[in-house]
Amino acid sequence: MSSLIAVPVRIVDPSKDLNSYGLGNVDWKERVEGWKLKQEKNMMQVTSRYTEGKGDIEGTGSNGEELQMADDARQPLSRVVPIPSSHLTPYRVVIILRLIILGFFLQYRTTHPVKDAYPLWLTSVICEIWFALSWLLDQFPKWYPINRETFLERLALRYDREGEPSQLAPIDVFVSTVDPLKEPPLVTANTVLSILAVDYPVDKVSCYVSDDGSAMLTFEALSETSEFARKWVPFCKKHNIEPRAPEFYFAQKIDYLKDKIQPSFVKERRAMKREYEEFKIRINALVAKAQKTPEEGWTMQDGTPWPGNNPRDHPGMIQVFLGHSGGLDTDGNELPRLVYVSREKRPGFQHHKKAGAMNALIRVSAVLTNGAYLLNVDCDHYFNNSKALKEAMCFMMDPALGKKTCYVQFPQRFDGIDLHDRYANRNIVFFDINLKGLDGVQGPVYVGTGCCFNRQALYGYDPVLTEADLEPNIIVKSCCGSRKKGRGGNKKYIDKKRQVKRTESTIPIFNMEDIEEGVEGYDDEKSLLMSQKSLEKRFGQSPVFIAATFMEQGGIPPSTNPATLLKEAIHVISCGYEDKTDWGKEIGWIYGSVTEDILTGFKMHARGWISIYCMPPRPAFKGSAPINLSDRLNQVLRWALGSIEILLSRHCPIWYGYNGRLKLLERLAYINTIVYPLTSIPLIAYCVLPAICLLTGKFIIPEISNFASMWFILLFVSIFATGILELRWSGVSIEDWWRNEQFWVIGGTSAHLFAVFQGLLKVLAGIDTNFTVTSKASDDDGDFAELYVFKWTSLLIPPTTVLVVNLVGIVAGVSYAINSGYQSWGPLFGKLFFAIWVIVHLYPFLKGLLGRQNRTPTIVIVWSILLASIFSLLWVRIDPFTSSTTKATSGQCGINC
Ligand SMILES: O=c1ccn([C@@H]2O[C@H](COP(=O)(O)OP(=O)(O)O[C@H]3O[C@H](CO)[C@@H](O)[C@H](O)[C@H]3O)[C@@H](O)[C@H]2O)c(=O)[nH]1
Ligand SMILES: [Mn+2]
């Protein structure tokens, strides 16, 4: 533990005089102007490098090979790999056919009411119409799916040539963590190690760890991690291993008999494995020590009390490990900087959960390292591919794409999921079908982790759009405030806009007067002062931070004094910093939803940015997922609740952002991601219907005619066909697709329903929603014991009830048919079909209830039997779905005969 003392502890106490910034307000103006000049120069250099790169590179040599290289360096850094039309065309044809069939089906359904069970029929038809609409929302954003391919060699040729200083952009990597008990420090440590060992110039990577739990355990574990990194990073780089998270690397089996393996490597690997085991022991000792909090709170190594003893009331804390002045690795090389950040927390302040933590990191990182791009991961999502940052740069540093790309999203992949992925944790359908579809429209939604952002996009600026990117009417509407500029002036305006983009562009942030003022009086003293004021209003009172926002290429001025910067960093993570600013409203991660990710991405797309979906063959990131039923349902509940929060907020995609920049299909996809929890209501109704039909002997279709059967069968066939063709172009397996369907019903009948009610409660009664963090299992239990863990939650009640009701229905229906001869078997089959459809969808849920020992907790059984019998009795007695007249005359009746 000597390591802790070796590292200079630089926790700054903000109670001490915060008002003496290194940069006074006086020189602010000069700074801004300085940056602007520099900025323009940079831009020019960059563009000339991009476009006129020819001369520049040819100058370096003139043999054929170099020319070839020069040629390669001018090639695009990525390309779209279209999906073969032999796959896409039939897919699209079937979608259209399905649409037509659906139209006829609904026409048939609406015009053929069931006379003796009118309410039953009406309910089913309403449900069907809702399902049809939600299908449209889900289907059409998948009309233009694409794949992409990156060219890492070209990236290297252009920006990272051997023997020259690397031109790659600096990147800040964020890791969020909150609760070391649910998110074991070893998991976080592995993530951090994989970042520190990433394949990217060390002086251009910084890793920021946000600790929202202000836990000394996290801090100490990080300190240990930074020590271990000195050995781990050179080992990774020397042997070029993957993945660079030790736990997962050593879990891999390697074949020592393969010819390429050298004896020296085997030896070093063995030694490193021992080192890692010792590291694990140290971390586990820390965890063990942290189990019981001492009465007087924690004390640090140097005897001072830990400032974060009260997680709800503590100062901001920052500690810099490694990096420039923090010592070298065992090979004598520099390491990336590692920064521990715990933002200030005080009672009475809104902290905005993860989104608030991320915004604090944006500011700290801008002050300390200011990477031009930033990438965020959850504490359990490690870099599985050490080239992930380079992959992202293939888009971000691409001359054509970079200027309009707000983020590059990587798919989430998972370790430790049970073989059959019972609860669809891998979410393959979403990641391999929906997001690929969106990539062909305006880009994938942001999923909260494994995503590389353009800092400028997070600052709420608009993308640099060329004329081709905007339809003519849109330019007039959104750029010119519809005044003064005639159609002929568009082009000129855009050019001008590019120059002044930094201060005047963004519509939602500045009102029209500001924009006009800014454009017309660009050199005006007054306007500069004004923009200073509005910049402070937007970004908060930190001149250092504001100055940093002007550096589009990232980096901080070399002359700045680190101590001053650290002080400023503490200032920007203080509680009141965001008061009356645009943080969380227009800039940074957006507040107001526990799925801050969807909201944040939506905001950017609404400004006209595009995003990119990047799926390198070796998955870029891997994380863990809750594999037991209750945790999974709670996770899905949080997501659905987040969606409802957005639905009921001012950022609702149905109403928000009609400035012509959000593509229609992209909007549909966003609407789909926020309204889906509502589908739970028709879904539950529809899942109970078969049971009611079986119990009452009525049906949702008047008579089983050939005509009716035809529409049902055609519809099923077309649903099946779209499914199959979708699987064909996406390469998703049928099992994954089926799990997804099942979990759609399981989640729909439980978590989504609860989310709708909790969301309404929030809006009507002001009850705040909380972010229940999912536990990340530590990796020691390899036998999926986790899968069988049973925790009681009321989320289990509705699906269990639906299951039981349908089972009772089947029994009742069959016994009735047995009693009344063969002619009653015909109609029964239709009903049985639907009831069985419900049960097979809920089958994984049933398995979850039964647990490993096949024993369902009594409370679940009691509740469900109670509810089910109440329902059954009610239907039989009141029978609201059949009108009383027909009841008397019709010879049929249910189990009450
Ligand atoms: O107050 C908080 C609460 C959470 N977190 C972090 O948020 C992340 C996500 O939490 P987790 O419980 O793992 O949620 P998941 O449902 O697994 O996460 C997905 O969904 C979330 C939105 O609900 C996104 O934020 C995540 O990035 C995405 O991986 C973790 O790193 C937490 O440490 C904080 O930093 N502060
Ligand atoms: Mn998670």
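Okay, before anything else, a quick word on helix axes: here they're lines fitted to C-alpha atoms over the stretch in contact, and the angles run from 0 to 180 degrees between N-to-C directions. Keep that in mind, and remember that this is a predicted model.

So, our first pair. Helix H25, residues 680-696, packs with helix H30, residues 825-841, at an angle of about 145°, and their axes are 8 Å apart. The crossing of H25 past H30 is left-handed. Who's touching whom? On the H25 side we have Cys687, Pro690, Cys693 and Leu694, and H30 brings Leu828, Lys831, Leu832, Phe834, Ala835 and Val838. By class, that's nine nonpolar residues, one charged and no polar.

Now the other pair, helix H12 at residues 353-368 and helix H21 at residues 562-572. Their axes come within 9 Å and cross at roughly 165°, which makes H12 roughly antiparallel to H21. This crossing is right-handed. From H12, the contact uses Arg363, Val364, Val367 and Leu368, while H21 puts in Leu565, Leu566, Glu568, Ala569 and Val572. Sorted by class, we get seven nonpolar, two charged and no polar.

Okay, zooming out to the whole chain. How many helices and strands are there? The chain has 33 helices and 13 strands. It runs to 897 residues, and 56% of them count as buried. The accessible surface comes to about 38,500 Å², with 60% of that belonging to carbon and sulfur atoms. And one on contacts: taking those with a separation of 6 or more, 83% are between residues 24 or more positions apart.

That's it from me, thanks!

Technical notes: Residues numbered from 1 in each chain as written. Chains lettered and ligands numbered in written order. Predicted model: local features only at pLDDT ≥ 70, side-chain atom pairs only at ≥ 80, totals over all residues. Heavy atoms only, no water. Helix = DSSP H or I, 4+ residues; strand = E, 2+ residues; numbered from the N terminus. Buried < 20%, exposed > 50% of the residue type's maximum accessible area, 1.4 Å probe, protein only. Contact = heavy atoms within 4.5 Å. Areas by Shrake-Rupley, 256 points an atom, 1.4 Å probe, with all protein chains shown as cover. Parallel < 35°, antiparallel > 145°, perpendicular 65-115°, else oblique. Left-handed = near helix turned anticlockwise from the far one by under 90°. Nonpolar A, V, L, I, M, F, W, Y, C, P; charged D, E, K, R; others polar.
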